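Here is a quick tour for someone meeting this structure for the first time. Have a look at the sequence and the 3D view, then read on.

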Amino acid sequence: MLGYLIRRLFYAVLAVWAVSIISFFIINLPPGDYVTSYIAQLAIQGNIIGAEEAESLREYYGLDQPSYVQYLKWMNQIRQGNLGFSFEFGLPVNDVIGERLVLTMILAAATIVFIWIVAIPIGILSAVRQYSIWDHTFTFFGFVGLAVPDFMLALIMMYFSFVLFDFSVGGLFSPEYVTASWSLGRGFDLAQHMIIPIIILGTAGTASLIRITRANLLDELRKPYVATARAKGLSEWRLILKYPVRMALNPAISMTAYILPFLVSGSIVVSVVLGLPTVGPILLKALVAQDMFLAGGIILLIGWMTVVGTFLSDLLLVWADPRVKFEGR
Amino acid sequence: MESNPVEQELAPEIEDIVEERISVASQRQLIWWRFRKHRVAVVATALIVIFYTIVIFADFLATNVPADSEAFRGLMPPQQVHIFDGWKPSPHVCAVTGARNPITYQKDYVTDCTEKIQVRLFARGYDYKLFGVIPTDRHLIGLSDDTLRPEDYIYILGTDKQGRDMYSRLLFGTRISLTIGLFGVALSLVLGIVLGAVSGFYGGLIDNLIQRLVEIVRSIPSIPLYMGMAAAFPHDWSILKIYFAITIIISLFAWTDLGRVVRGRFLTMRDEDFVTAAMLSGASQRRIIFRHMLPSFYSHIIAAATLALPLMIIAETTLSFLGLGLRPPAISWGTLLQDAQNVQTIALTPWLMIPAIPVILVILALNFMGDGLRDAADPYSN
Amino acid sequence: MFRTVPTSRLLIIFSLVFAMMLVAVACSSDNDGLTKAELEAALAAQKPAVMPAAPAGPSAAEIAALVSGAVAAAVEDAVGAVPEGVSSADIAAAVEAAVAQGASEGLTAADVEALVSKAVEDAVSGVSGGPTPLSAAQIAAIVDAGIAAIPAAAVVEIEVIVEPDAPVLVGSPHITTDPQGGNIWPSIVLNNVPSSFQEAPMLAALVASGDLPPVEERLPTNPLVISPADGIGKYGGTWFRAFTGPADGQNMERPLKDHLLYFDTGMTDVQPNIAESWTVNDDATVFTFTLRTGLKWSDGNDFTTDDIMFWYNQMLLNDEINPTTPAWAVHGGETLLYEKISDVTFQVTAAKSYGLFIPLIASVIVAGPHTRGDSGGGGYAPSHYLEQFHPDFVGLETANANAVAAGFDNWSNYFLNRNHANANPDSPMMTAWRVTQSISTSEWAFERNPYYWAVDTDGNQLPYMDKVVLTLAENLEVLNLRAIAGDFTVMGRHIDIAKLPVFLENATAADYRVQFWKQPQSGIANISFNESWDGNAELATFLQNVEFRRALSMGLERDQINEVFFLGLGSTAGLCKGFPDPDNPGKYYGEDNVQFNPGPANTALDALGLDKKDSSGFRLLPSGERLVLNMPGVVAAFEDYVGINEMIGEQWKKNLGISVEVQGLERSLHSERAAANELMIQNWESSGRDSVLITPTHLLPVAGALFTDVLGARWFDGRDNAREPVSEFIKEQQVLYAEGISTSDPAVYLANAQRVVEINCEMVNPITTVMNKPTYVAIIKNNVRNIPNSLPFSFHAQTSGNGFPETWWIED
Amino acid sequence: MTEETNVEIKKPILEVKNLKKSFPIKRGFLQRTVGHVRAVDDVSFSIADGETLSLVGESGCGKTTTVRAIMRAINPDEGQVLFRTDDDETVDLAELSLSQIRPLRRNIQMIFQDPFSSLNPRMTIFQLISEPLLVNGIGNKQEREDRVTELLRQVGLRPEYMQRFPHAFSGGQRQRIGIARALAINPRLIVADEPVSGLDVSVQAQVINLMMDLQDEFGLTYLFVSHDLSVVNQISDRVVVMYVGRVVEVGKPQELFRNPKHPYTSALISALPITDPKNRGVRPVLEGEIANPANPPSGCYFHPRCPFAVDQCKVEAPPLQEVSGRLVACHRTEELELAGVTKHGVAAG
């Protein structure tokens, strides 16, 4: 068990390192660099900077050094908990993405919880009342949700929630709570604003978890021990909840690890459309503006968070289902 | 023990005749029979076939040059094609006129069904080359030549803000989006099969390294990586180059699923008795891989590829939507939807969102088809 | 994941999706029953409303005046002869028809006048038999009622700037122009300081509690007196806006102006601002500025010339803060010399004549620290606050150590961050409102500056509104949807013109009005031909050929572009429309170049040797190679340049047989490639002709401009990798520019600026497409007062700052 | 049944000497080897021409590994596999490279345990049976077809079924197809790895009979692997009993079963359903699990389960020595009187 944990941890660390390389590789891919974008921006404001000045700016930002030096420098900073400096914001990257990262993760975690809360009861209901009107309805919505692109759904839901229900548009907080300190009211406000993003993000995952739960439960219900229990006169719901449901829940947990990267990916797109203060919109901006340390920092951190999330859900799975072999994984 | 085993074996003649068809059926036929029972998958497959027919015949099906714009008929709602005029079959569309309303600034259009514009099959339209070689100007539907006036037009799905025909643009967008998916899947297949096969066939350290790589790639959210790499394209690349670059990027991250399937299959297959049997009968390694192993799971690969295709399409659409993928003047589902991604479209000109319908349909259909294939892929499972 | 779904249900789902598709198509098909005739009637009935928005036509007010006058006159003349039976309805109809006709044809005021007279005459004389003759008063009342109905029918007020018949060039400091007729603008009042001062209730409370000195002590002895557009306002309220993130600093830098000098609303006059006066010597080399006495920073500290000298010595001349000296601070090859004369007076000396210096000080180019502080510009800085971060005062080690402790790489990054009030609310400001919540949070907030140095004519300390709150909307659709919902008090920036119909539809419900803030003589999409492009020697000779450019210009259908991208709100005239030739009055420079005229265009192209075409119908270069124009468009810019280029490409293909390739380029890459002289054609905006010498780079190949002659601009700037301009007109423009920015003679300055633009028009470089579309579609809550009835837009004067937002107020 | 007695003096067709095969146990990312599973631990035996030699033992005792190592489906670690070729040369199969072995494979063919998995379901019967011919380049298509027809007849299947797929056949039929395939290129040695254990009892007998008939007809040599003593008794000339990768006893089936010399052999026999009530010998019953080949016990591997184990058994591994014309590996073989079965009892299976 301990060996398994250490091995998983080792893989996680390896993944973290790989993510840092990938992040750095990506931020160095674009032709040109931040100085190029910066000069372009100045040119639009009527300030023209020549090649000589551009070189001195590059030197100033350390962009003239070979990339491995830049990588090592970056890694060294990160070791000290400093993700570098955002050229565009003129601020340390840490300051730029602090709360946004937390909100990104809150959104992903809330979506997972939403998927569980919605999908498992519906999956059970669908299995127990197979072919009922509920089963059909949920199946229908599940499939449509699965196939509609997130970004499409996001804008439409935002528009109609405004037109029909007078929801405040976009964002994660109402104006009065945007900069307030954390309180019950602010939490409630956040929860309210997360409804639409969570629904959009959660539809695909919910649909597949409903299917998985339903299929597993149906398999489980056909097993002889259920018939035996039924013959003994155990009440139907108690019977279902006692064993079959527990068995059918394992995939829900194992799916969590698998779904996390998808949720984070999805949340970026949805955040861009809904203008949520998560890392999504600033990642897009940073990439466009070639604000490399900001972009790299975000890719790095969400990569890490996902690796850690995956690791945690692996542990959860081991804890929940001792049948999982330590060797094979 | 006394009875002749040979005679005993030959006894159930009648049963043999009944099962004759199945007995001589090849694996492909068995898969097909099993797949056929999956009615939704069959419908889905038919739909996919239709869509790829559109890919091939986009020009023939189109009614207008997709880039042809006319500002003063912009944002025109879809025109209904009337098959009958009263009881008389006379396909036509009604004349539509309109202008920008100076008070609301909306485009107001009015249909005047007293003025009928005749529509016919195989009408003459713009010149194009069928399959890229046969020059022709025939289109499936179009305005009847004899009654054609310069002010007549047909916009089955309306027009966009530049007055371009949404229907024709949708057809050409379908061409790009569906082929980009196919190329991407093909590339992922190559990556997945090579890496999966190497991993599964040789095992050991190589397998372990590849598996760790797969794990890492899968644990990283793909969209930020797509975004990062897509943002890195030199944007002066031609549409074709960007098209292939996007394909490559998407497949760089999409091969892992296929790789896992292939590896898993190789691992099981390597220990199958019939593979050992082939080896012991003196078959070469090449024959073993290509005659025995690969055919045993190509149906699984097809199923996995089918299930990977929707992910490709969604990835392309999403990237293009974010402005990092294909860009105008390229027409793809992503760029069409990007045009529709605004408040005024939802509020005033919802037909611009019609490109979402084929996206949804194709994604659903591919999923159903892939499921059907996956279930039917192993005809010997029961 | 679909493994166990029964097939029957999936069939149901499929059919449902199909049904949805069919319904969607069916719903959006034929309209519900309006006949063509009905529509035409409906449109005709609404026609009068187009009047106010007709781009080149008279304004609503003008028409109202004209019509009443005309009708009154006509009726008076005809009244004796009025036959019986002329009903009010008849006259109303006649007037309506006349006005509609005038509007739809874009006629001039005089034409409308004639039409109305004729219509009334017709109505009066043409009807025979009937009970009562009408009196002149009755007819006038009818007409008035009809006119009055026009704005009501339009639901919202749509205001446009009337292009002046006699355009006024940007003024050198010596020129004062009359306020433009009909405009109700705020103005500053000189030499008439109110005798007593009042303050906002929120400050009065602080004064009462002793936390703040009384208003008299906070104001300078000679505060700036502003006469608001409509009248004295009331204190209170919050100005709600939205911003798109830390890169959107301009959002509030525009309305908050802390320049030493500033423009008037018309953007032509330079006026006092923080400095109460200035003088210039005869050859425009020595500039003396006098600050208001008793100015205070927003934290209550004194603002003196020390703050200017601190900026000059510790910032401008510091290589780490300003690795490159801003272009404006170098003239005649030398950095300007700043000298302190007294606590309120300082002097700037230039190496050679620098007539443009005063307008530059007033413009965005220099601006104040709120706008330019983050890059070390701005002309002054809060020395009492910044000294603690500067190595000259605390030593290099401490300065760097403090920076690292705060997460910055080095002291200069940290220093610039500290000097940037948007990012650092601790930084003292001179603006009407000061930052209370940083721009890198999701709510960027401002509160009134208790030491703001301006008052209204009654002595009320400005601003009227207590706070400005901007909520983060990183997505423009979200921002616009909030605007549609009526969430913003006044918002012009980021409002999407394509959504105008949606804005109008929701205006009543959300209680706002719409104003167009237009930039006079501004081009939205100018197609510049790079004369120094050398990618293909043969093609390059055509790019340099004015006949070729003229032919291309005549192959454009500008109304199409105007209609699609600007809802028909721009005009299709050229850069020099209404630009009289001093020698030849009445002639509009180059106006014939911008008419759609495919016949002569094709003839000209044939004559240039481009008469051969390939099998696809595209013109070939004389060498036999296909002529292909490459038109990259910047993506995600203010306008849909890729879409516009696509449309232009289609038009040239269709009308002229010229092949065009369109690509979308990222803005930075576009600039990079332009700087590398790799782009043959660019499509970009040009700011108003008024500011052509202040912000010259769009129209003139000088100062690193990347449009009409990239290498020629480098040549002019004296940089390496340059090439002398091939075309004489470019050199002529450069000479005019050099002379114009140096001269101390306003007449020379004006003439040169005008001539530069004339040359652009004559030589058809750039080709203009659409002009004068509303730069900002401003959404204004109906209860907001004192917003100028028309607010001209400019970049150099930082609209909406020229509307004096400190005088805006919210009526309960 | 064959009643030959002098098999030992015949020249062996295959001689296995000190064959060893262990599988590494790999752990961790770098796949370091942390231990070995000794699947085959010093096994020696020989098979004479025309003889049927059986390998018996519980599942996991290394029978299958032994034959696969002989066949070079896996590579042995140590030892020799000496095969006498047609030309009367002796080659060591363990030494040759896989490509060198390929031409020799036509002499040795294999019949698999599972008739379902050993036939590629994607190939027709014709393709399956003719594959050895095809890959060894024997005959043209017509000749191969004739050969397959002949083979099908020989194994009792209708030649018309040639174009059918395996899924159309029953288990017994498939095993016949497997036999036909093994026979296709006239091998001299056929290795049958539990060929009947997957079949119904009645079908088992048919297949065994077929195999014995074919042996008579073609003079085949069988290396027969089974855990079923009754089948072994029926077909074998000699029996090799294995336990945890080692040979514990070798002898003729009648003697071995009637009078086992190793407690393990005796225990195996005791598991048989019908025994002779008159036999009064001690009948140990197998208790506990088979030893873990990754971590085998010291001394005699069987000692933890052996009711007769003494201290010597725990420390010293008994050598395989000849006892009354048989080879036995037990320290106490002389002292023990172990129970066997009557011929009747065994045959009754």
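Which side chains meet in a salt bridge with Arg84(D)? The partner is Asp49(D), with N and O 3.2 Å apart. A salt bridge here is a side-chain nitrogen of Lys or Arg within 4 Å of a carboxyl oxygen of Asp or Glu. The two residues sit 35 positions apart: Asp49(D) is in the loop between β2 (32–48) and β3 (52–56), while Arg84(D) belongs to strand β4 (residues 78–84). Helices (H or I, at least four residues) and strands (E, at least two) are DSSP runs, numbered from the N terminus.

Arg84(D) counts as buried at 11% relative accessibility, whereas Asp49(D), at 30%, is partly exposed. For these words, buried means under 20% relative accessible area, exposed means over 50%, and partly exposed lies in between, using a 1.4 Å probe and protein chains only.

## Where the numbers come from

This is a predicted model, in which local features need pLDDT of at least 70 and side-chain atom pairs count only at pLDDT 80 or more, while totals for chains, interfaces and linings use all residues. Residues are numbered from 1 along each chain as its sequence is written, chains are lettered from A and ligands numbered from 1 in the order in which they are written, and side-chain values use heavy atoms, leaving out hydrogens and water.

## The sheet in chain D

Staying with chain D, eight strands make an open, mixed sheet, in the order β6-β7-β8-β3-β9-β10-β12-β11. Two strands count as paired if DSSP finds at least two bridges between them. At the edges are β6 (108–111) and β11 (321–323), each pairing on one side only. On average, neighbouring strands are turned by 25° against each other, direction ignored. Axes are lines fitted to C-alpha atoms, for helices over the stretch in contact, and angles run from 0 to 180 degrees between N-to-C directions.

Helix α5 (residues 171–183) of chain D packs on this sheet and touches β6 and β7 (189–193), with its direction at about 175° to that of β6(D). Contact means heavy atoms within 4.5 Å. Elsewhere in the sheet, β10 (residues 246–251) and β12 (residues 326–328) of chain D run antiparallel and are joined by two bridges. Val250(D) has Leu327(D) in β12(D) as its bridge partner.

## Chain C at a glance

Now for chain C, which has 27 helices and 27 strands. Of its 812 residues, 59% are buried. Among its contacts with a separation of 6 or more, 72% are between residues 24 or more positions apart.

Helix α10 (residues 305–316) of chain C is mostly covered, with 10 of its 12 residues buried. Among them are Phe310(C), Trp311(C) and Tyr312(C).

## More salt bridges

Over all chains, the search turns up 35 salt bridges. One of these pairs is Lys257(C) with Glu806(C), whose closest N and O atoms are 2.8 Å apart. They lie 549 residues apart in the chain, in two loops: Lys257(C) between α9 (250–253) and β4 (261–263), Glu806(C) between β26 (784–785) and β27 (809–810). Lys257(C) is buried at 2% relative accessibility, and Glu806(C) is buried with a relative accessible area of 2%.

Glu811(C) forms a salt bridge with Arg785(C), at 2.7 Å between the closest N and O atoms. Here Glu811(C) is partly exposed at 32%, and Arg785(C) is partly exposed at 28%. Finally, a network of salt bridges links Asp160(B), Arg164(B), Arg169(B) and Glu646(C).
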